[in-house]
Amino acid sequence: MRKDLLLAFFLILYLASSLEASQTYILSYRAQIKNAVVISESFHLTHAMKEVHAHPDQKLELDTFKEEDLQVILEKNRDKILEFLMKYGTHTRSHETVSDNKSSSLISITIPPTYITVDFKNDYAIITRLIID
Amino acid sequence: MKKILVISAFLSAVLMAEEAPVQEVAEAAQPSQPNVIVVEPVVVTVAAPAPVPVPEPAAKEEHICPQDMQEPPHSTKRPDAYKKMRINVTGQGVAPTMTSSPAQAYALAKRAAIADAYRLLAEKVKGVRIEGSDKIKNMMVQRSEVRTFVDAVIAEAEIIETVFQDGLCEVEMELTIDPKQWRSILASR
């Protein structure tokens, strides 16, 4: 009898953990580069304030490094995330001035705010890019 | 019981085998009967088509419509005009002088190199707007300035190689683009 109860309890726990809803976030990035040197960079992650009608697209698996804070995980995997999201469109603006044979350039690259969902599974954070319907 | 069944099946098979050629011969002897259909095995051999005599070109002048210039639907060998175009660029970035660690220097230099590569791709795909001005006073050039602007959204670009040496990071990037799409981008400016 006890064994059955224990089994039922663990089964409920397992189902509850597997049914845990993934969280939706908005991710954005912007960097400014002056004369081939990065002068400013912003990388923001925020909760989606309202429900999004979107369908999932590509996925990316990130190592969590046994961290629980998503900001820390994203910070540690910033290169991977940027490379993943830049593929889907990067806004590039460049102003270059050559004055009296002296050149100066200012480039800004922007990843437009993108909806993502994050699921945690076996020490991996699975990032899914969402496309709005 | 089983033996009887096996023997009867064997005998019926032998009888059917014997009757079959007789029936065929009988059918061959009466070809005029319209109800009998003889199905013969068909052997298909694929051979090179016989040379077709090429008709002489018409005397009147032919006009080629734009529809005729479209890609044939089942051709395996695509003409050069329909092949995807690959654009390769190498962006360069420098690490700032004040960095807390070599890893940060590498990360920032790589970021700058990626941005430079994106700018080069944008220049190639969408083009550059150039403005120039010269200030001349008393028949002498006082100031000469050239300004260039690039503004584009680049998608599907891939990093091929990253090299970091002596504080300089070089990122090679590749963009595959359809020539038709490219022409429409250039036309829409």
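This is a predicted model: local features need pLDDT of at least 70, side-chain atom pairs count only at pLDDT 80 or more; totals for chains, interfaces and linings use all residues.
Confidence comes first. The mean pLDDT of chain A is 86, and 89% of its residues score at least 70. Within chain A, helix α1 (residues 2-18) has the lowest confidence, with a mean of 65. The highest confidence in that chain belongs to strand β4 (residues 90-99), at 95.

Chain B contains 3 helices and 5 strands. Read from the N terminus, its elements follow the order α-β-α-β-β-β-β-α. The chain has 189 residues, of which 15% count as buried. Among the contacts in chain B with a separation of 6 or more, 58% are between residues 24 or more positions apart.

Helix α2 of chain B is the next element to consider. It comprises 25 residues and spans 36 Å from its first C-alpha to its last. That is close to the 36 Å expected at 1.5 Å a residue. Just after α2(B) comes B:Gly127, which has a positive phi of about 100°.

Three strands of chain B form an open sheet in the order β1-β5-β4, with antiparallel pairing. β1 and β4 (157-165) of chain B are the edge strands; each has a single partner strand, so one side of each lacks a neighbour in the sheet. On average, neighbouring strands of this sheet are turned by 15° against each other, direction ignored. In general, strands of a sheet pair through backbone hydrogen bonds. The antiparallel pairing of β4(B) with β5(B) covers 8 bridges. As one position in β5(B), B:Glu172 is the bridge partner of B:Glu161.

The last topic is the largest nonpolar core, which has 37 residues. Which elements give two or more residues to this core? From chain A they are β1 (23-34), α2 (70-76), α3 (78-86) and β5 (102-121). From chain B they are β1 (85-94), α2 (102-126), β3 (140-154) and β5 (168-177). The most is given by α2(B), with 12 residues. The members that touch the most other members are B:Ala112, B:Ala115, B:Ala117, B:Tyr118 and B:Leu121. For B:Ala115, leaving out residues up to four places away in sequence, the residues touched are A:Ala31, A:Ile33, A:Ile107 and A:Ile109. An α-helix has 3.6 residues a turn, so residues three or four places apart point the same way.

Key
Residues are numbered from 1 along each chain as its sequence is written. Chains are lettered from A and ligands numbered from 1 in the order in which they are written. pLDDT is the predictor's confidence in each residue, from 0 to 100. Helices (H or I, at least four residues) and strands (E, at least two) are DSSP runs, numbered from the N terminus. A nonpolar core is a set of buried Ala, Val, Leu, Ile, Met, Phe, Trp, Tyr and Cys residues joined through C-beta atoms within 7 Å. A residue is buried if 20 or more other C-beta atoms lie within 10 Å of its own, exposed if 12 or fewer, and partly exposed in between; C-beta atoms are placed from the backbone. Two residues are in contact if their C-beta atoms, placed from the backbone, lie within 7 Å. The expected span of a helix is 1.5 Å times one less than its number of residues. Two strands pair if DSSP finds at least two bridges between them. Axes are lines fitted to C-alpha atoms, for helices over the stretch in contact, and angles run from 0 to 180 degrees between N-to-C directions.
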